[in-house]
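Student: I have a model open and want to learn to read it. Where do we begin?

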Amino acid sequence: MTQKPAPLAEPIEVAKWWKTRRRNIAVVVSLRHYEGHNLVDVREYFTDQAGCMKPSTRGLAMVVRNLPEFSSAIRKALETARRHNLLPEEGSE
């Protein structure tokens, strides 16, 4: 029998990048705990009037156990985008 993973004590930010050139919307990838579940969360954050980053309702959250399948889908999307010349060559940016 597999043991249920311990809940995360605090969110863990994994990655962040600016979505727009104006740098007022960021995409944040994090691991967090919510209502008894450990989640991977890919969410847009916006800068409020005080200059603080706040999470928006735009995003995707899923239980961590689905992360391997999601990762595989993202790798396939990356390979397909490269095959169709939708991305620059690696290292040319």
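**Reading the sheet**

Tutor: Begin with a hairpin. S1 and S2 form one, with six residues between them, and arginine 23 in the turn has a positive phi of about 60°. Keep in mind that this is a predicted model.

Student: How many bridges join strand S1 to S2?

Tutor: First the general idea. Strands of a sheet pair through backbone hydrogen bonds, either parallel or antiparallel. Here, six bridges join S1, residues 12-18, to S2, and the two run antiparallel.

Student: Which residues stand opposite each other?

Tutor: Take two pairs. Alanine 15 stands opposite valine 29 in S2. Tryptophan 18 has alanine 26 in S2 as its bridge partner.

Student: What is the bridge partner of alanine 26 in S3?

Tutor: Tyrosine 45. So alanine 26 is bridged to tryptophan 18 and to tyrosine 45, within a sheet whose edge strands, S1 and S4, each have a single partner strand.

Student: Over how many bridges do S2 and S3 pair?

Tutor: They pair over 10 bridges, in the antiparallel sense. S3 covers residues 37-47. S2 and S3 also form a hairpin, with two residues between the strands. Glutamate 35 takes a positive phi near 45° in that hairpin.

Student: In what order do the four strands lie in the sheet?

Tutor: The order is S1-S2-S3-S4, in an open sheet with antiparallel pairing. S1 and S4 (53-63) stand at the edges. Each has a single partner strand, so one side of each is left without a neighbour in the sheet. From one strand to the next, the twist averages 25°.

Student: Now a single residue. Is serine 30 buried or exposed?

Tutor: Compare its relative accessibility with the cut-off: under 20% means buried. Serine 30 has 8% relative accessibility, so it counts as buried. Serine 30 is found in S2, residues 25-34.

Student: Which residues does serine 30 touch?

Tutor: Leave out residues up to four places away in sequence. Serine 30 then touches Ile12, Glu13, Val14, Leu39, Val40 and Asp41.

Student: Which residues make the nonpolar surface patch?

Tutor: Leu78, Leu86 and Leu87 make it. The patch is about 270 Å².

Technical notes: Residues numbered from 1 in each chain as written. Predicted model: local features only at pLDDT ≥ 70, side-chain atom pairs only at ≥ 80, totals over all residues. Heavy atoms only, no water. Patch = residues over 30% accessible without salt bridge, like charges linked within 9 Å, V, L, I, M, F, W, Y side chains within 5 Å. Areas by Shrake-Rupley, 256 points an atom, 1.4 Å probe, with all protein chains shown as cover. Salt bridge = Lys/Arg side-chain N within 4 Å of Asp/Glu carboxyl O. Buried < 20%, exposed > 50% of the residue type's maximum accessible area, 1.4 Å probe, protein only. Contact = heavy atoms within 4.5 Å. Pairing = 2+ DSSP bridges. Axes fitted to C-alpha atoms, helices over the stretch in contact; angles between N-to-C directions.
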